[in-house]
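Thank you for coming, everyone. Please have a look at the structure on the screen, and then I will take you through a few of its features.

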Amino acid sequence: MAADAASTATALAAVPATERVALVDARFTGHVHALRLALTDPRFPAAAVEGALTAQPEARGALTRALGEAGGPGTDALTARLEADGVPVHRPDLGVLVAAVPDSAEARAKTRAEVDSVDDEAVRLRTAVKSRDGFFTTYCISPYSRYLARWCARRGFTPNQVTTASLLTALIAAGCAATGTRAGFVAAGALLLFSFVLDCTDGQLARYSLQYSTLGAWLDATFDRAKEYAYYAGLAIGAAHGGGHDDVWALALGAMVLQTCRHVVDFSFTEANHDAAANTSPTAALSDRLDSVGWTVWARRMIVLPIGERWAMIAVLTALTTPRVVFYALLIGCALAACYTTAGRVLRSLTRKARRTDRAARALADLADSGPLAEAAAKAAARRPGGGATAPALVLAAAALLLVPLWWHPEPGWWPVLGAGLYALFAGAAVARPLKGPLDWLVPPVFRAAEYVTILALAAHSSASGALPAAFGLVAAVAYHHYDTVYRIRGGTGAPPRRLVRAIGGHEGRVLAVTIAAALWHGQGFTTALTVLATALALTVLIESIRFWVSSGAPAVHDETGEPA
């Protein structure tokens with residue numbers, strides 16, 4: 001308790017400078033969860049509701065100055081002084097929750113009646129569920145997973161522990177699928193669904209207990225991809241145990257390539273328009289109008305095959321059919337979803353009047369993942385004439401120069417190597433100027449598709465045993481690097497260091513290395529080369545990634561968008 005500003009400042013000074021502090025007016029009347037939202041959310045340097053204020057270490061200095069200027073310790077006056085000092089103060093949306101400082105007994109009684117009329121625990125449970133999610137998740141998982149989240153919170157479990165449990169469950173599901181037996185497939189489908197329940201629970205636990213962290217957001221995102229792609233591998237192994245052929249590995253790799261490229265489209269479009277000025281278009285306005293019609297919201301969320309619908313489909317088809325059927329369904333569904341989302345975003349970009357920022361251009365350049373060869377080509381082409389469609393045209397030409405020789409001459413040889421060399425030149429020219437054009441967000445997804453499809457095509461046409469599984473591992477390692485890049489940018493810490501990107505060759509360097517390996521070693525040597533490349537790349541990116549995320553001082557973040565699908 002502090003009687004005045006001076007005693008308040010003295011009490012705060014006794015708290016170590018690395019700790020968060022909070023001030024609560026002794027007259028505060030309201031819900032406990034209103035205080036929890038204001039005082040315990042780690043994502044903001046300062047936050048306040050009426051009668052309560054909190055400051056993280058980075059805002060402590062401004063709070064001390066505000067106390068020195070204040071005539072009394074009133075929290076509302078201190079909040080205004082913090083904002084005047086340039087400190088962003090988060091004010092949580094309380095909805096029906098109450099937070100007030102009554103100035104009379106009559107007002108206090110009225111406020112107390114308002115508090116008693118609202119069950120803040122019910123509000124806390126309801127708001128633990130993500131505000132925007134898919135139909136399957138909203139109606140088939142969240143109605144009970146929120147109670148599992150509360151159970152975990154009351155027993156001291158953290159969101160990261162639940163995320164890890166979800167990963168382990170999915171890996172066990174992949175192992176069951178790898179047995180190739182009907183009982184194994186049924187168990188795999190059931191465990192995959194339970195893994196998804198846990199996947200929903202970790203985010204709900206984070207919102208319920210306000211345990212947000214950058215590390216948690218990264219774990220949640222990357223583990224989702226690890227679970228899904230490990231399950232693909234389990235299905236492919238199970239098909240081989242059941243008397244199948246390597247073409248199921250090609251289907252598994254194709255599904256992973258398509259799904260990853262879909263996500264890169266999501267990420268690139270979002271980053272390109274993250275802080276664009278005058279960011280409007282008739283297409284976006286039409287989309288908003290459609291959202292006002294209830295059933296269209298769910299139809300549009302389901303057609304993109306988000307993670308809930310996708311995992312439910314995978315689980316059911318695994319239990320009832322064969323891995324081959326699962327992959328065919330995935331490829332068809334994801335291809336339709338990719339066409340729908342990409343076409344809509346192209347229309348928005350063409351009709352949108354937007355001025356994109358240097359930050360957006362930098363993010364797209366980082367997502368492009370250009371290595372030393374493309375950097376050299378970019379410097380040589382830096383003075384080329386610029387134009388709205390120049391970068392997309394160049395990147396499509398680069399992809400064509402790379403993929404046409406593979407289609408025209410599918411057998412391993414030196415034509416693909418020539419195509420890879422030309423691809424590096426055109427890829428560098430595509431990123432020689434800032435990516436601020438209306439369709440420049442297409443550059444990273446086309447690069448991803450070109451690289452992944454090249455690896456898939458060379459492995460599929462190789463006579464080497466095990467080439468496709470080795471290619472699956474290589475693409476998984478590269479995809480991890482690309483997801484890691486995305487979540488570093490989203491966390492506000494920037495892309496991985498350039499030394500890492502140069503060390504792993506960039507997308508054009510890896511393409512050239514794989515085509516040269518295919519030309520030099522037509523037999524088992526190609527499988528060995530892919531395996532060595534996948535292992536070296538995975539170790540390099542994992543060591544750097546784990547080092548960064550464990551030691552990162554990035555601000556806490558949490559995804560509320562429902563993406564990636």
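Let me begin at the surface, where Val 404, Trp 407, Trp 408, Trp 415, Leu 418, Leu 422, Leu 425 and Phe 426 form a nonpolar patch with about 890 Å² of accessible area together. A patch takes residues with over 30% relative accessible area and no salt bridge, joining nonpolar side chains (Val, Leu, Ile, Met, Phe, Trp, Tyr) within 5 Å and like charges within 9 Å, and the areas come from the Shrake-Rupley method with a 1.4 Å probe, only the protein chains shown counting as cover for residues.

Please keep in mind that this is a predicted model, in which local features need pLDDT of at least 70 and side-chain atom pairs count only at pLDDT 80 or more, whereas totals for chains, interfaces and linings use all residues. Residues are numbered from 1 along each chain as its sequence is written, and side-chain values use heavy atoms, with hydrogens and water left out.

Which helix gives the most to the nonpolar patch? That is α19, with five residues, while Val 404 lies in α18; helices here are DSSP runs (H or I, at least four residues), numbered from the N terminus.

The axes of α18 (residues 390-408) and α19 (residues 415-430), which are lines fitted to C-alpha atoms over the stretch in contact, come within 8 Å and cross at roughly 175°, on a scale from 0 to 180 degrees between N-to-C directions. The two helices are therefore roughly antiparallel, a word kept for angles over 145 degrees.

Terms used:
Parallel < 35°, antiparallel > 145°, perpendicular 65-115°, else oblique. Salt bridge = Lys/Arg side-chain N within 4 Å of Asp/Glu carboxyl O.
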